[in-house]
Amino acid sequence: MENNNDNLLVVKNLKKYFPIRTGLFNRVTGQVKAVDDISFTIKRGTTMGLVGESGCGKTTTGKTILNLTNLTDGEVYINGVDINKLNKNELRAFRPKMQIIFQDPYSSLSPRLPIQTIIGEAVQEHNIVPEEQFNEYVDKIMEACGLQPYHKERYPHEFSGGQRQRICIARALALNPEFIVCDEPVSALDVSIQAQIINLLKDLQEKFGLTYLFISHDLSVVEHISDTVGVMYLGSLVEYADKESIFKNSLHPYTKALFSAIPVPDPKLKMNRIILEGNIPSPANPPSGCKFHTRCESCMEICKNVNPKPRNVDGHMVACHLYDEK
């Protein structure tokens with residue numbers, strides 16, 4: 001996986017394990033493999049959608065990339081900089097370049113602070129603009145995100161859910177970032193408001209040259225906003241390709257099942273829904289071999305014992321023994 005100038009983000013063999021502690025002495029008796037050896041890149045100015053069932057490790061991936069939680073192993077490069085090798089002061093100086101928009105616009109905003117402080121606090125902390133330009137700068141950011149500057153003395157409880165999410169976007173945008181992790185930013189909003197926020201994100205990307213990692217379980221939204229798509233299952237990246245080819249010709253059995261659930265706005269059209277049998281295994285005790293083999297209708301004997309390695313098939317990165325070289 002190349003670390004060239006076209007790729008703003010390069011993730012190599014990323015792992016994040018959480019220890020399981022039990023007993024009187026709080027001993028480590030196991031590990032939850034929330035993110036288990038995944039690799040991908042995102043080109044500058046594009047959006048990668050990251051999809052999968054709840055609990056598959058999407059949010060943990062985003063937080064680990066931003067070093068909001070320490071990785072267990074692997075490398076993360078943003079603009080060619082390995083952020084996990086930066087010391088405390090270097091990382092603090094680098095923080096404005098990478099931001100996150102959280103899922104819940106209600107709990108991610110402090111109820112005790114007015115909007116101007118929420119948006120501008122980090123701007124002042126990192127000296128983004130001179131003090132005499134601060135008010136004008138906050139007004140400019142608010143207008144870019146569809147907020148009225150005269151609202152800046154109000155508090156979060158005085159806004160609707162869609163407006164709160166715009167405030168969260170403005171807070172991230174105010175630091176002049178290059179890379180933003182969008183952690184299910186529209187899942188808590190009404191459908192009509194979702195469309196407004198998605199269009200806002202696309203407009204800001206075009207205007208400011210932003211690069212997004214867009215985490216979502218809504219495949220219709222991902223198809224609308226993404227350039228490339230990665231599919232996660234139980235901490236592993238099972239398929240990764242450009243949007244058009246992965247939606248038209250998905251290869252991995254899990255991806256096929258996931259995409260078969262996308263609703264079609266035609267009551268006369270029969271959907272070929274693939275129903276997965278069984279329950280999702282625990283990430284604390286995943287199956288041997290391929291993690292998906294317990295629910296896969298194409299399971300072979302090798303799937304039960306050997307973990308498939310990612311390989312390139314028709315432009316897709318896919319981890320499945322169905323595509324092993326004969």
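Q: Why is strand 10 largely enclosed by the rest of the structure?
A: Keep in mind that this is a predicted model. Strand 10 covers residues 236-242, and a residue counts as buried under 20% relative accessible area. Strand 10 is largely enclosed because of how many of its seven residues are buried: six.

Q: Which residue of strand 12 is the bridge partner of Glu239?
A: Start with the neighbours of strand 10. Strand 9 (residues 228-233) runs antiparallel to strand 10, with six bridges joining them, and Val231 has Glu239 as its bridge partner there. Strand 10 also pairs in the antiparallel sense with strand 12 (residues 316-318), over two bridges. On that side, the bridge partner of Glu239 is Val318.

Q: Which residue in the hairpin of strand 9 and strand 10 takes a positive phi?
A: Look between the strands, where the hairpin has two residues. The one with a positive phi, near 50°, is Leu234.

Q: Which strands are the edge strands of the open sheet?
A: Four strands make up this sheet, paired antiparallel in the order 2-1-4-5. An edge strand pairs on one side only. That picks out strand 2 (27-43) and strand 5 (81-82).

Q: What angle does the direction of helix 1 make with that of strand 1?
A: Strand 1 (residues 7-22) is joined to strand 4 (residues 73-78) by five bridges, and Lys15 has Asp73 as its partner in strand 4. Helix 1 (residues 58-65) packs on the sheet and touches strand 1, strand 2 and strand 4. Its direction and that of strand 1 make an angle of about 115°.

Conventions
Residues numbered from 1 in each chain as written. Predicted model: local features only at pLDDT ≥ 70, side-chain atom pairs only at ≥ 80, totals over all residues. Heavy atoms only, no water. Pairing = 2+ DSSP bridges. Contact = heavy atoms within 4.5 Å. Axes fitted to C-alpha atoms, helices over the stretch in contact; angles between N-to-C directions. Buried < 20%, exposed > 50% of the residue type's maximum accessible area, 1.4 Å probe, protein only.
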